[in-house]
Amino acid sequence: MSNHAEQSDMRLHLKIWRQPDADSPGKFVSFEKEKVSPDMSFLEMLDELNEGLIKAGEDPVAFDSDCREGICGMCGLVINGQAHGPRRSTTTCQLHMREFKDGDTITIEPWRAKAFPVIKDLVVDRSAFDRIIQAGGYISVNTGNAQDANAIPIPKRNADEAMDAASCIGCGACVAACPNASATLFTSAKISQFALLPQGQVERKERAIQMVSQMDFEGFGDCSNYGECEAACPKDISISHIARMKREYVKAALTTA
Amino acid sequence: MLPFLTAAKSSVGKKYLMALTGLFWVLFLIIHLAGNLVLLSGHSDAYNKYSHFLLSLGELLYVLEFILLAFILLHIYSGITVAIGKLRARPQSYKVQKNLGGASRKTVSATTMIYSGLLLFIFLVVHISHFKYQVGVNGDYTTVIGGVEMHDFYRLVYDSFSYGWYVLFYEVIMILVFSHLRHGFWSGFQSLGVNHPRWSPFIDGLGIVIAVVVGFGFLVIPLYIYFIGGA
Amino acid sequence: MTLDAKIPEGPIQEKWDNHRFHMKLVNPANKRKHTIIVVGTGLAGASVAASLGELGYNVKNFCIQDSPRRAHSIAAQGGINAAKNYPNDGDSIWRLFYDTVKGGDYRSREANVYRLAQVSNDIIDQCVAQGIPFARDYGGLLANRSFGGAQVSRTFYARGQTGQQLLLGAYSALSRQIKAKKVEMFNRHEMLDLVVIDGKARGIVTRNLINGKIESHAADAVLLATGGYGNVYYLSTNAVNSNATAVWRAHKRGAYFANPCFVQIHPTCIPVTGDHQSKLTLMSESLRNDGRVWVPKAKGDKRHPNEIPEAERDYYLERRYPAFGNLVPRDIASRAAKQVCDEGRGVGKTGLAVYLDFADAIQRLGRKAVEEKYGNLFDMYERITDENPYEVPMRIFPAIHYTMGGLWVDYNLQSTIPGLFVLGEANFSDHGANRLGASALMQGLADGYYVAPYTVGNYIGSNKFEPVTTDHPAFKESEKTVAESIQKLLSINGKKTAHELNRELGLILWEYVGMGRNETGLKKALEEIPKLRQEFWENLKVAGSGETLNQNLEEAGRLADYLELAELMARDALNRNESCGGHFREESATPEGEARRNDEEYTYVAAWEYKGKDQVQALHKEHLTFEHVPLTQRSYK
């Protein structure tokens, strides 16, 4: 029935980045975790580790998570050098321990980027993403200001491609996985979504310029077309959106009065 | 209006310029290779006449040379800022970092672009001072063909590649050329915003073909001269 | 205090228009002189914060997550209802209204529900204008599907991620107002108290979750859009940080809590695998459009599902409810699953699951069509369970999903505290005793985009506001209380973690205030919960300090509130000796075991007033009248 052979409980060596707060230096701390069920999610494994730490009166390992069903984008750990761990198209919260073997050593690090400063342990501040959206990741339509929803037909293909881009959950795995710590995939997904839709046309040029400027301002790296972002993206967002963003930007830069 | 310089310095503009200049150089390399394949023909006159024709272009040549020089400087500038930006954007590096596979295009070529690029630039300086300005070249390399006196580049090339170490130096560099183009070609198109479900696979394939042809084309010439041509 | 729902005069179709016409307006130049606090950034919170910002008010918006985009509305999969009638299949505002009142088992307020149906169409227009990529047909027009037992196709959707897309739409509108400096955003801030001055809500006290600082914020009105309290059960489909603290602390400051026992249990969730389980994952109800629910006919049949022949399978929903089959409303599907499992016919390791089988659909439509419709859900199922639902039937089991109960609000969404408005799942208003599928998104956005911006304006326009700053003694008193309770949690230094105690609370509630409830069980719960609460205050262990990010401390604070809320839920369930919607009292059933409402005695909203620590809340009743949708027993046979 199951894709994997029946696994029994595992024992794991964890090396976890601990950092008390943004200003203090961090270091790796080792833990032994026993009785890890293959049916646990990765975060449930950390929950259990924390239960033990709390009982021992030690500070539990801080990590972000919320929906635990792969959509809110709040969780995100670099597990053995891979953003969101070894399984493709999967957020950390949906990664299950059956991906690991008894006796494995697992190194757990936070997203590392200057634009994502560590708040504590594995928790980082991703408000740079919010500011990129604030720079232009919207269509300026006040509440009540809309025409009938079916007034403008949109070719299904465009709507579908816009949806591909819109499925971004803003987790930041693209930045974490990029050797340059670039936020290009994130930024391009929003620019691309709106460039594909008729509603997005009015502010199209301004949006591309403003969002790219904000992205650069936040201190992310440049895009070297490594494609690691797409590989790490839990929603499989394609770098074709990056290409669209580049066209949008250059068109805007050359034609804006 | 967005000032040109601001746009050019943005993350998109920077890579756009890198792509344009890089792809222009690829075009140059293809022409350069086509010309140099004449070396393999064994006809010294043909090669010298071809070189002489290029040199006689006069002002047009200066313009071309200026464009090539300006482009490569822009290309390098852009490359170096990307490399520095990378260090700035991630001051604390990962203890473990693995490729993700799948859609990743993080090849060895891709991660070593800055190194292969800088080495290629050093090579370029050596290459031009040696063959164009003949720095450190002893002896008289002129010849007369059809009553016209011209440089005997053919002999200069053949003499230069009679040294094993010099051939080896070129071979190493040409592998770097291959590597640089392996990532550079498709990446250039991506940076220009060319990505299409129908055409991208073709561009990717063409990139590999060009990297192989240019890299190995240039690689074959010194080997041929050293082992066969010089004999 | 008598509960006045403030339902406007006039025929039901004109109530909202009449009401809006009679509202006091606030001069555009004066709007910027008023500060409004919005707590929560889900569909209701983000949409109201953005809309109020657009109108010109100064808005302060708070969320506990690192970004407003994380709110749990994001996880809604299936879709959003609207009475557009694009498919020309007989839908109308009236029908959506009718279905919602009936689906809520006649425990909601007709006027509210009618308004909800009225504005549902505007929501779709607004969302499309925001660039939300809803599913479309090849002609480029919006696609609809039938959802959750509705007999018309009125559900708009964006793949299986409708909540995400709608939330990101509201988030983008909010982002635009943040950029315009009309909304000031406070991420990673948790509201820990409501400040009431001269009988009006005038501010909140928050804890900065990064550095533990207790901060006060003053305003002219406070809007709570903090979601439901499903996590009181420990395991639910809610996000792990979803909590009832904001509404509960408002309750303790005087806001009545309505119908706390009305909890929706969703029939199609992935079953529990063990004690480590931290949450339950929903599989969209849309799966029931094509999947067939069954269990083996024989008890304890442990054969592989594909080896059980057709004749030995019991498609119990199709058998019991031939008219609706697998599409019966959520409460009925959930209870039926519990019954077959109680009979010992449950499947899987734990016996607490039923099959949802797509073999027929794959045969009828082809694997590709099924993949197109449900591919992302199937992938998610496989990621979690390691089983391939294209080949093996899914295993599903009911799980706590949504809470219809919440703070009592009148027609204006104002609670019993003037100036305190409650929106979305946090209020009790529109779903009665059972929410229909794809209606939560509709209600959240209706409240946020179209109702509260008017009614809050009316409140601002018709009241005079004495200037209040955070130096007011009421803020200081509140800050002190909050700081002390945090200190208390940190100083108990017992032996049990908040996780463990929450799990124990969840087990009590699931057992006695879960899918089936009876007097004995509820009385037992009313004994057990206070005992557990006592244990909590004596034996809790919280590690770390209050001055840094401390998720363990946050959890403990939320549990302290759940332990009080849980008791009220049991009390409310005990009081309501009838079966309606998600509330099934075993004493009130037909001979066939179907739910039986008692309209004579219980056609009211039970609104509970806080009476002080360890005091029993006082019950107030808002009687409901049904003029347009005649009271009938729901039947899906």
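In chain C, strands S7(C) and S8(C) make a hairpin with five residues between them, and Gly212(C) in the turn has a positive phi of about 75 degrees. Strands and helices here are DSSP runs, numbered from the N terminus: helices are H or I with at least four residues, and strands are E with at least two. This is a predicted model, in which local features need pLDDT of at least 70 and side-chain atom pairs count only at pLDDT 80 or more, while totals for chains, interfaces and linings use all residues. Residues are numbered from 1 along each chain as its sequence is written, and chains are lettered from A and ligands numbered from 1 in the order in which they are written.

**The hairpin in chain C**

- S7(C) covers residues 200-208 and S8(C) covers residues 214-218; the two run antiparallel and are joined by five bridges. Strands count as paired if DSSP finds at least two bridges between them.
- Thr206(C) has Glu215(C), in S8(C), as its bridge partner.
- As background, strands of a sheet pair through backbone hydrogen bonds, either parallel or antiparallel.

**The sheet and domains of chain A**

- Chain A has an open sheet of five strands in the order S2-S1-S5-S3-S4, with mixed pairing.
- Its edges are strand S2 (27-36) and strand S4 (82-83) of chain A, each pairing on one side only.
- Strand S3 (residues 78-79) of chain A pairs with S5(A) in the antiparallel sense over two bridges, and Val78(A) has Glu109(A), in S5(A), as its bridge partner.
- Chain A is assigned domain 1 (10-119) and domain 2 (127-255); such bounds come from an automatic or database domain assignment.
- The centres of these two domains of chain A, taken over C-alpha atoms, are 29 Å apart.
- Contact between the domains of chain A involves 17 residues of domain 1 and 16 residues of domain 2. Two residues are in contact if their C-beta atoms, placed from the backbone, lie within 7 Å.

**How the chains meet**

- Two pairs of chains are in contact, and chains A and C share the most contacts.
- Chain B and chain C have no contact, and their closest C-alpha atoms lie 17 Å apart.
- Where chain A meets chain B, 44 residues of chain A and 40 residues of chain B take part.
- On the chain A side of that contact, H8(A) gives the largest share, eight residues.
- That side of chain A has 20 nonpolar, 13 polar and eleven charged residues. Here Ala, Val, Leu, Ile, Met, Phe, Trp, Tyr, Cys and Pro count as nonpolar, Asp, Glu, Lys and Arg as charged, and the others, Gly among them, as polar.

**Chain B at a glance**

- Chain B has nine helices and two strands.
- Its C-alpha atoms fill a box of roughly 60 × 45 × 40 Å along the principal axes.
- Of the 231 residues in chain B, 29% are buried. A residue is buried if 20 or more other C-beta atoms, placed from the backbone, lie within 10 Å of its own.

**Nonpolar cores**

- The largest nonpolar core has 303 residues, and Cys174(A), Leu223(C) and Leu407(C) touch the most other members. Such a core is a set of buried Ala, Val, Leu, Ile, Met, Phe, Trp, Tyr and Cys residues joined through C-beta atoms within 7 Å.
- Helix H16 (residues 551-575) of chain C gives this core its largest share, 13 residues.
- Another core lies apart from it, with 22 residues, among them Tyr170(B) and Leu181(B).

Terms used: A residue is buried if 20 or more other C-beta atoms lie within 10 Å of its own, exposed if 12 or fewer, and partly exposed in between; C-beta atoms are placed from the backbone.
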